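Here is a short briefing on the structure below. It takes the sheet and its helices, then the domains, then the pairing of the chains.

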Protein chains: 2
Amino acid sequence: MKIMVDAMGGDNAPEAVVKGSLLARDEFGVSIVLSGKEDVLKKYIENETKDYRNIEILNAEDVITNDDKPVLAIRRKKESSLVKALHAVKNNEADAIVSAGNSGALLSGATLIIGRIGKLERPALAPFIPTDKGFALLVDAGANADCKPEYLADFALMGSIYSRHILNIENPKVGLLNIGGEEGKGNQLTIDTYGLLKNSNLNFIGNIESRYVLRGDADVIVADGFAGNILLKSIEGTASYIMENLKKELMSSFRTKMGALLVKPALRNFKKRLDYGEVGGGMLLGVNAPVIKAHGSSNSIAIKNAIKQTKNILDSNVVNLIREALQA
Amino acid sequence: MKIMVDAMGGDNAPEAVVKGSLLARDEFGVSIVLSGKEDVLKKYIENETKDYRNIEILNAEDVITNDDKPVLAIRRKKESSLVKALHAVKNNEADAIVSAGNSGALLSGATLIIGRIGKLERPALAPFIPTDKGFALLVDAGANADCKPEYLADFALMGSIYSRHILNIENPKVGLLNIGGEEGKGNQLTIDTYGLLKNSNLNFIGNIESRYVLRGDADVIVADGFAGNILLKSIEGTASYIMENLKKELMSSFRTKMGALLVKPALRNFKKRLDYGEVGGGMLLGVNAPVIKAHGSSNSIAIKNAIKQTKNILDSNVVNLIREALQA
């Protein structure tokens, strides 16, 4: 098993990416290919270890940044770490790819270079959201801003397979992100999608309102990429806003500072539960190899976890299971 | 100035609604008409006071509940507290209406009975979201699940007027809720709306991502009702999820309980800042009289605040200012 890692992608690249990759190699026994500038990567590797076992470098002189326009960058930056990595996966030189870089470039690059599964119309980005009951899978988190009901039905199917095999949920509860609980609520897209899901073989539990997502009512949350992204980023933004402001309040007086000392371990526990880095990354469901988008701000632990998740995806053969389900 | 209050609407109606109305009368010197079952309302009033000055009752034998289908309920429940209240406002027997009941019924009832301003296509629900810098106005929070770019341009105009006159923000910054920062990001609706807003006379600051809403980057956040509702309910849901879980963590051991005692006042402060009840309610922008939707779970203080807000709206003549702006 060989996992390609875009070593130049992410706010803390390449240092955190290299470190996380080495940690993953040591802990999970996977082979890693780091794509990026060879001399730079060697320096970071050698800061950590002399041991090059199961670590290769795919030299790439160029980098796609967050300021690059995704499709244009994929077409023009042929020598970038991302484009070269994607071609290597396409050519079976590696089995999967992890990147914390430009999301749009990864998603469109994966679709253009690695390619969609069969006749699937739209691949979808599926990150996990930590909930009261474990994790909910959100499909789509932003790959497709405009959707048709049929896309959402595919998202539900792919999400169910992923949830079953990666989170070991026997019969994942599929909820449709909506602005009301009952059938008939929502916009035209969700009203039409409701009908498709109701008649599917999935464990469709109906609409789920955004306020109940964290309660863990659904295992798979189906949404168009626009609404899904609004949901995901609102949850992230609200959680970090509250934790930051709480910290300020706790540091506001001598009394609260004393209290803060006592509650600190509990707060740390709780913060960890909200932390996306603990979960790994979002998988792009519907392309011909596992493509995992790690959070842009990933540290080395988050990268390590994303690689672990990629290994699980390969072990479970998720891509083939999705291919078979889509053909059926 | 006479404010109509649907005394039967809301999770804590009629008790909390009656109490809040009496508080508002005493504190702000407004006249209140309570619509609902006369004998029931009299009982609740007399529990509080013998003083009927500036308190009238509009007897209504029926009630629209949260289980009623909005448009159907407005058409059929002619004797409900809401329908009778809306007709009274339509007939100038009162100047504005506050309700904590069935949102859909209030919105469609207000549009059907009180009527839209001039040629405006779609009224929009505009609640305030507490942010780091005060309050942001969200337009639309759910009245219109499917929108055209022209609707969103109207929302931006109405929201700017409301923000200027009610929050006293000289030149409100208008942000378009979107899933990326730059022009060209988003779905077809936001891409087209961006063009309209860029060419308007409003203080358009571009796209705003949901994760930055609470930072207070925009004073007015423009969205279709589907995305706006997802945003609002995600923020509410995440905030209450975190505060509840935090409470659990703080009660988990002797040590944290001691700490909790010390940090309690700071937490209470912070919770108050997140509390929607402090803000009043959401105004339905674009109908011929002020229509204010208070939160379904409003207590008496939230009702009082919603009435105070309604008084401000009447004092500032917001409806006429919107009418003039839409004609221009």
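In this predicted model, seven strands of chain A form an open sheet in the order 3-2-1-4-12-11-5. The pairing is mixed. Strand 3 (55–59) and strand 5 (124–126) of chain A stand at the edges with a single partner strand each, so one side of each has no neighbour in the sheet.

**Sheet geometry**
- Neighbouring strands of this sheet are turned by 25° against each other on average, direction ignored.
- Strand 1 (residues 2–6) and strand 2 (residues 31–36) of chain A pair in the parallel sense. Five bridges join these two strands.
- Ile3(A) has Ile32(A), in strand 2 of chain A, as its bridge partner.

**Helices across the sheet**
- Helix 2 (residues 38–48) of chain A lies across strand 2 and strand 3 of chain A. Helix 2 of chain A runs at about 155° to strand 3 of chain A.
- Helix 10 (residues 300–316) of chain A lies across strand 1, strand 4 (96–99), strand 11 (282–285) and strand 12 (291–293) of chain A. Its angle to strand 4 of chain A is about 160°.

**Domains of chain A**
- The domain assignment of chain A gives domain 1 (1–120 + 286–328) and domain 2 (122–277).
- The C-alpha centres of domain 1 and domain 2 of chain A lie 25 Å apart.
- Domain 1 of chain A puts 20 residues into the contact, and domain 2 of chain A puts in 14 residues.
- On the side of domain 1 of chain A that touches domain 2 of chain A, the elements giving two or more residues are helix 5 (103–114), helix 10 and helix 11 (318–327) of chain A.
- Helix 10 of chain A gives the largest share of that side, six residues.
- By class, that side of domain 1 of chain A has 10 nonpolar, eight polar and two charged residues.

**Chain A and chain B**
- A rotation of 180° with 0.0 Å of shift along its axis superposes chain A on chain B, with an RMSD of 0.0 Å. This is the relation of a two-fold axis.
- Gly259(A) has the C-alpha nearest the axis in chain A, 2.0 Å from it.
- The same surface serves both copies, as 98% of the contact residues of chain A recur in chain B.

**Confidence**
- Chain A has a mean pLDDT of 94, and 99% of its residues reach 70 or more.
- For the complex, the predictor gives an ipTM of 0.93 and a pTM of 0.94.

How values were computed:
Residues numbered from 1 in each chain as written. Chains lettered and ligands numbered in written order. Predicted model: local features only at pLDDT ≥ 70, side-chain atom pairs only at ≥ 80, totals over all residues. pLDDT = per-residue confidence, 0-100. Least-squares fit on C-alpha atoms with pLDDT ≥ 70 in both. Contact = placed C-beta atoms within 7 Å. Pairing = 2+ DSSP bridges. Helix = DSSP H or I, 4+ residues; strand = E, 2+ residues; numbered from the N terminus. Axes fitted to C-alpha atoms, helices over the stretch in contact; angles between N-to-C directions. Domains from an automatic or database assignment. Nonpolar A, V, L, I, M, F, W, Y, C, P; charged D, E, K, R; others polar.
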